[in-house]
Amino acid sequence: MDDVTRTLKEHYSGTFQQYGPTSKGVDWGRTADLELRYEKMLNVVLRDTAQPVSLLDVGCGYGGLWQYISEQKLQLNYTGIDVCENMIGWAKENQRGAEFLHGDMLSYQAQKPFDYIVANGVLTQKLDVSIEAMNLFTQKFVKAIFNQCRVGIAFNIMTTKVNFMVPNLYYRNPAEFMAWCMAEITPWVKIDHAYGLYEYTTYLYKADVG
Ligand SMILES: C[S@@+](CC[C@H](N)C(=O)[O-])C[C@H]1O[C@@H](n2cnc3c(N)ncnc32)[C@H](O)[C@@H]1O
C-alpha cells in the first residue's frame, strides 16, 4: 500500500470509528451536500445505456451512495470497494442488494471491467500529504480506475477557483488538470464546475459519448 493510501485509510478508519455510518463518519460536510455529490457521480451514466449497468464505487465508505441509489430506485449493479475494514465490515452486515469489497483500489484487479467507476471524495482531502505527493497519487489513481472501466469514470477534486483554501484539502487547478487528463488519458472529457461545493466533477470516457 502506498503512503498516501495508508494516510487516508488511517484517517477515515478513525472518523468512522468515532461517528459511524454518517456524513461525519466519512468526514464529509452536510448530508444535503453529500446527496448533491452522489447526483454528480451518477451523472456519469449515459442516458441511452441499456440498464442495468455495472458501477464500481471506489472509496465507497459505508455505502452511502448505494443507500441513495436504493432510495431513488435506480437499476444499477453496484459494487463498493474501500480500504477501511471497519466501514466495509459495517456495509456487508447492514447494506442489502450490493457487493462490498475490502481492498486498496491501486492493487485491485476486477475479473471483468465495470461499465462505470466513480470515486466520490477519494481525491478531495490530502490531510498532511504534500501537494506534490498528492498530485502523483491522483494521476496514478485516475489511470488505475480508467483502466478498469468499460465506458467511463467520474470523480471530484477541490477547485483552485476559490477565495479561501483549507490546508487539509486537495485543490487542483481545473484547467491544468483537464489538460493533463486529455494529454495522458482520453480526449473524451467532461467537467462540471457549476455547483457551489468548491469542487468540480470530472468525467472521462473511453469513446465519443455524443
Ligand atoms: C471521503 S470518504 C468518501 C466515502 C464515500 N465515497 C461517500 O461519499 O460516502 C473517502 C474514502 O476513500 C477511501 N479510500 C482512499 N483511498 C483508497 C484506495 N486506494 N482504495 C480504496 N479506498 C480508498 C477511504 O478509506 C475513505 O473511506
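Reader: Which residues form one aromatic cluster with Phe 16?
Author: Phe 16 clusters with Tyr 62 and Trp 90. Rings of Phe, Tyr and Trp (its six-membered ring) pair if their centres lie within 6.5 Å; planes under 30 degrees apart count as stacked, over 60 as edge-to-face and the rest as tilted.

Reader: What kind of model is this, and how are residues numbered?
Author: It's a predicted model, where local features need pLDDT of at least 70, side-chain atom pairs count only at pLDDT 80 or more, and totals for chains, interfaces and linings use all residues. Residues are numbered from 1 along each chain as its sequence is written, and side-chain values use heavy atoms, with hydrogens and water left out.

Reader: OK, how many aromatic pairs does a search of the whole structure find?
Author: Eight. In one of them, Tyr 38 and Tyr 68 have ring centres 5.7 Å apart and planes at 40°, so that pair is tilted.

Reader: Are Tyr 38 and Tyr 68 buried or exposed?
Author: Both Tyr 38 and Tyr 68 are buried. Buried means under 20% relative accessible area, exposed over 50%, partly exposed in between (1.4 Å probe, protein chains only).

Reader: And how are Phe 177 and Trp 180 arranged?
Author: Phe 177 and Trp 180 are stacked, at 5.8 Å centre to centre with 15° between the planes. They're three residues apart in helix α6 (residues 174-184), so about one helical turn separates them. Phe 177 is buried at 0% relative accessible area, and Trp 180 counts as buried at 13%.

Reader: What sits over the ring of Phe 146?
Author: The charged end of Lys 206, 4.5 Å from the ring centre. For that, NZ of Lys or CZ of Arg has to be within 6 Å of the ring centre and within 35 degrees of the ring normal.

Reader: Switching to Glu 199. Which strand is Glu 199 in?
Author: Glu 199 lies in strand β8 (residues 199-205). Glu 199 is buried, with a relative accessible area of 1%.

Reader: Which side chain does Glu 199 join by a polar contact?
Author: Arg 37, side chain to side chain, at 2.7 Å. The side chain of Glu 199 also makes a polar contact with that of Tyr 195, at 2.7 Å. A polar contact is a pair of N or O atoms within 3.5 Å; within protein, one must be able to donate a hydrogen and the other to accept it, and residues adjacent in sequence count only if both atoms are side-chain atoms.

Reader: What else is Glu 199 in contact with?
Author: Leaving aside neighbours within four places in sequence, the contacts of Glu 199 include Trp 28, Asn 156, Ile 157, Met 158 and Thr 159. Contact means heavy atoms within 4.5 Å.

Reader: Now the ligand. How many residues surround the ligand?
Author: 19, and the closest are Gly 59, Asp 82, Asp 104, Met 105 and Asn 120.

Reader: Which polar atoms lie by the ligand's oxygen and nitrogen atoms?
Author: An N or O atom in the Trp 28 side chain is 3.2 Å from a ligand oxygen. A polar side-chain atom of Tyr 38 lies 3.2 Å from an oxygen atom of the ligand. For Met 105, a backbone N or O atom lies 2.9 Å from a ligand nitrogen.

Reader: How much of the ligand's accessible area does the protein cover?
Author: 100% of the 600 Å² that the ligand has on its own. Accessible areas come from the Shrake-Rupley method with a 1.4 Å probe; for residues, only the protein chains shown count as cover.

Reader: Where is Gln 95, and is Gln 95 buried or exposed?
Author: Gln 95 is in the loop between α4 (85-94) and β3, and Gln 95 is buried at 8% relative accessible area. A polar atom of the Gln 95 side chain lies 3.3 Å from the backbone oxygen of Gly 63.

Reader: What about the phi of Lys 73?
Author: Lys 73 has a positive phi of about 55° although it isn't a glycine. Lys 73 sits in the loop between α3 and β2 (76-82) and is exposed, at 68% relative accessible area.

Key: Helix = DSSP H or I, 4+ residues; strand = E, 2+ residues; numbered from the N terminus. Near = heavy atom within 4 Å.
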